[in-house]
Amino acid sequence: VSAVMAMDPVRVLVTGAAGQIGYALVPMVARGAMLGPDQPVILHMLDIPPAAEALEGVKMELIDAAFPLLKGVVATTDVVAACTGVNVAVMVGGFPRKEGMERKDVMSKNVSIYKSQASALEKHAAANCKVLVVANPANTNALILKEFAPSIPEKNITCLTRLDHNRALGQISERLKVHVSDVRNVIIWGNHSSTQYPDVSHATVKTQGGEKPARELVANVEWLQGEFIQTVQQRGAAIIKARKLSSALSAASSACDHIRDWVLGTPEGTWVSMGVYSDGSYNVPAGLIYSFPVTCRDGEWSIVQGLTIDEFSRKKLDATAEELTEEKALAYSCLS
Ligand code: NAD
Ligand code: LMR
């Protein structure tokens, strides 16, 4: 007789589930990439009426794939049914930007969605539901969701900058021709936008001679302070240009990384980047959803404290904070 207790299924909401990221994300969740290989899940998929038929198609495919961990599928255009009892909410629903647009250009459409879905989550999600906002402008949508769902603890509302974090790891790994898993502790500061600051000041690379600072191995400050930063900042736009669609498989995979580390913990000595509610750490204005380096334990994130910030970094941290302050004002003007 097996001594292993059956685990209760976790209910995972994916909004915008008939869209591109949704289509990449739901099979990952059903395979255990988000919550672990032993954790059963029930998927709640929300989309809007024009996408209802496509959403049914996704549901059919999920059934056809016969995922052992998938214990149920709710596919609906009813926001209350979608939110009821969910333990994890991945908010992907919204309008993606097209070539030539900045992410904040989709602001007015998307913030009003996040205001209305905030109330549904607040009323119907499970207590302690963890929320990840993916739809752009991700930080500001998350802030609006937080402000219009005052009873959800602010530590439970986050946005996705893990994709930018993973992009930064990828660029260092390509440059040094090392495995991406040997690079760690890059940081994405600030907004998921072209003002974000990908910072390698504290990043390290595992080598045969031990762990070395990435800066020392790259040994090219000009590249690190120029092309590297711009490549990561502009990667979303580069993908839109190439695919004529925004990133989807990498966004879905990074969303799984974000929730997995948040729920199951970050590895010892490793931090990741998450957009979280600022408490004023590193002199970032409190009250913004800002990307910080965090470690996670027992289902809670904490901002890594005490890192030295040089003058170059300081300016970049402040510039992206300033953009977020402006976006916040713009979001409120769209809602009024
Ligand atoms: P998509 O257009 O393919 O899919 C979005 C889906 O959302 C569509 O099916 C649409 O019908 C649905 N939708 C629209 N309004 C909705 C509502 N009120 N409730 C529920 N669903 C709704 O777009 P996509 O490529 O999947 O991208 C989704 C979002 O994610 C975009 O805003 C995009 O810019 C953003 N994005 C963020 C990151 C990140 O790293 N944070 C990365 C990639 C994309
Ligand atoms: C990305 O970073 O790939 C997404 O935010 C899509 C975009 O608009 O850049």
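1. Ligand 2 and helix H10. In this predicted model, helix H10 (residues 235-243) supplies the largest share of the shell around ligand 2, namely 3 residues. The residues around ligand 2 are Arg97, Arg103, Asn136, Leu163, Gly236, Ala237, Ile239, Ser246 and Ser247. Sorted by class, the shell around ligand 2 holds 3 nonpolar, 4 polar and 2 charged residues.

2. Arg235. This residue belongs to helix H10. Arg235 has 20 other C-beta atoms within 10 Å; because a residue counts as buried at 20 or more such neighbours, Arg235 is classed as buried.

3. Ligand 1. The shell around ligand 1 comprises 29 residues, of which Gly16, Gly19, Ile21, Gly93 and Ala251 come nearest. Helix H1 (residues 20-30) gives the largest share of this shell, 3 residues. By class, the residues around ligand 1 divide into 16 nonpolar, 11 polar and 2 charged.

4. Helix H6. Helix H6 spans residues 162-176 and so has 15 residues. The distance from its first C-alpha to its last is 21 Å, close to the 21 Å expected at 1.5 Å a residue. Buried residues in H6 include Arg162, Leu163, Asp164, His165 and Asn166; Arg167, Ala168, Leu169, Gln171 and Ile172 in H6 are buried as well. Leu163 is also listed among the residues around ligand 2. Just after H6, Lys177 adopts a positive phi of about 55°.

5. Helices H4 and H5. Two packed helices are described by the angle between their axes and the distance between the axes. How do the axes of H4 and H5 cross, and within what distance do they come? The axes of helix H4 (residues 107-124) and helix H5 (residues 138-147) come within 8 Å and cross at roughly 30°. Angles under 35 degrees count as roughly parallel, and H4 and H5 are therefore roughly parallel to each other. The crossing of this pair, H4 and H5, is right-handed.

6. Leu132. Where is Leu132 found? Leu132 lies in strand E5 (residues 130-133). Is Leu132 buried or exposed? Leu132 is buried, since 25 other C-beta atoms lie within 10 Å. The C-alpha atoms of Leu132 and Ala89 are separated by 6.2 Å, although these residues are 43 residues apart along the chain.

Key: Residues numbered from 1 in each chain as written. Chains lettered and ligands numbered in written order. Predicted model: local features only at pLDDT ≥ 70, side-chain atom pairs only at ≥ 80, totals over all residues. Near = placed C-beta within 6 Å. Helix = DSSP H or I, 4+ residues; strand = E, 2+ residues; numbered from the N terminus. Nonpolar A, V, L, I, M, F, W, Y, C, P; charged D, E, K, R; others polar. Expected span 1.5 Å × (residues − 1). Buried ≥ 20, exposed ≤ 12 C-beta atoms within 10 Å, placed from the backbone. Axes fitted to C-alpha atoms, helices over the stretch in contact; angles between N-to-C directions. Parallel < 35°, antiparallel > 145°, perpendicular 65-115°, else oblique. Left-handed = near helix turned anticlockwise from the far one by under 90°.
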